[in-house]
Amino acid sequence: MKPPRGRFVVLEGPDKCGKSTQARLLARRLRRRGPRLLHTREPGGTKLAEAVRRVLLRPGHRVDPLAELFLYEAARAQHTREKILPALRRGEWVLCERYSLATLAYQGHARGLPLPMIRVLDRVATGGLRPDLTVVLDIPESEFSRRDRRRRLDRLELESARFRRRVREGYRLLARRLPGCVLLNGRRPPRVVHAQIVRHVDRLLLKSRHERA
């Protein structure tokens, strides 16, 4: 008997929004609730995609916006086919830190590349795969400098405040227009944000159990 398709959940948001913290909290909860889980990230998730990540995020690299877009989509194509799709076909859940929405926000709204072109390339890279749920954590640009900066900033984190504002505007606009997206206030305490995310994910869990029954 073919196993039911798993669920695909993505956490998104501007740099320093708390995405990785929330992903760890959600992964821990999901593993306690039972479904097998692949917790991964973009760019990255495979050996090849992690190598592309190092190129994309290394400070000092000057990357043309179009080249940047192709690199992200190349990493996504490998990640999707090598890790995400096989996990979903096995009936596992996939929790990913960033996916297609990030490219529309960063390379589209912030870099100024045409959104229709990005959507076409992304459709090719993903094979049309779309998350069941995308949670966007929203923080104002002013919050960026207040958050933990003990580690070295990467190439995108070193971009201007104007760039970060455009990223945020893009996320807010996209989250309100696209189906399956939820926009949450990332400035709230982590436990509050986690509880809000859990409410949305629990609906997905309940739906999955009904489908299996």
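Helix α4 is largely enclosed by the rest of this predicted model, since 10 of its 11 residues are buried. The buried set is S100, L101, A102, T103, L104, A105, Y106, Q107, G108 and A110. So what do these residues pack against?

| Element packed against the buried residues of α4 | Residues |
|---|---|
| β1 | 8-12 |
| α3 | 65-89 |
| α5 | 115-126 |
| β4 | 133-138 |
| α6 | 161-177 |
| β5 | 181-185 |

Let's zoom in on T103, which sits in α4 (residues 100-110). With a relative accessibility of 1%, T103 counts as buried because the cut-off is under 20%. Setting aside neighbours within four places in sequence, T103 touches L69, E73, R76, G108 and I118.

The axes of α2 (residues 47-57) and α3 (residues 65-89) come within 9 Å, crossing at roughly 160 degrees. That crossing angle makes α2 roughly antiparallel to α3. As for handedness, the α2 and α3 crossing is left-handed. On the α2 side, the contact is built from L48, A49, V52, V55, L56 and L57, while α3 brings E68, L71, Y72, A75 and Q78. By residue type, this contact of α2 with α3 splits into 9 nonpolar, 1 polar and 1 charged.

Key:
Residues are numbered from 1 along each chain as its sequence is written. This is a predicted model: local features need pLDDT of at least 70, side-chain atom pairs count only at pLDDT 80 or more; totals for chains, interfaces and linings use all residues. Side-chain values use heavy atoms; hydrogens and water are left out. Helices (H or I, at least four residues) and strands (E, at least two) are DSSP runs, numbered from the N terminus. Buried means under 20% relative accessible area, exposed over 50%, partly exposed in between (1.4 Å probe, protein chains only). Contact means heavy atoms within 4.5 Å. Axes are lines fitted to C-alpha atoms, for helices over the stretch in contact, and angles run from 0 to 180 degrees between N-to-C directions. Angles under 35 degrees count as roughly parallel, over 145 as roughly antiparallel, 65 to 115 as roughly perpendicular and the rest as oblique. A crossing is left-handed if the near helix is turned anticlockwise from the far one by less than a right angle, and right-handed if clockwise. Ala, Val, Leu, Ile, Met, Phe, Trp, Tyr, Cys and Pro count as nonpolar, Asp, Glu, Lys and Arg as charged, and the others, Gly among them, as polar.
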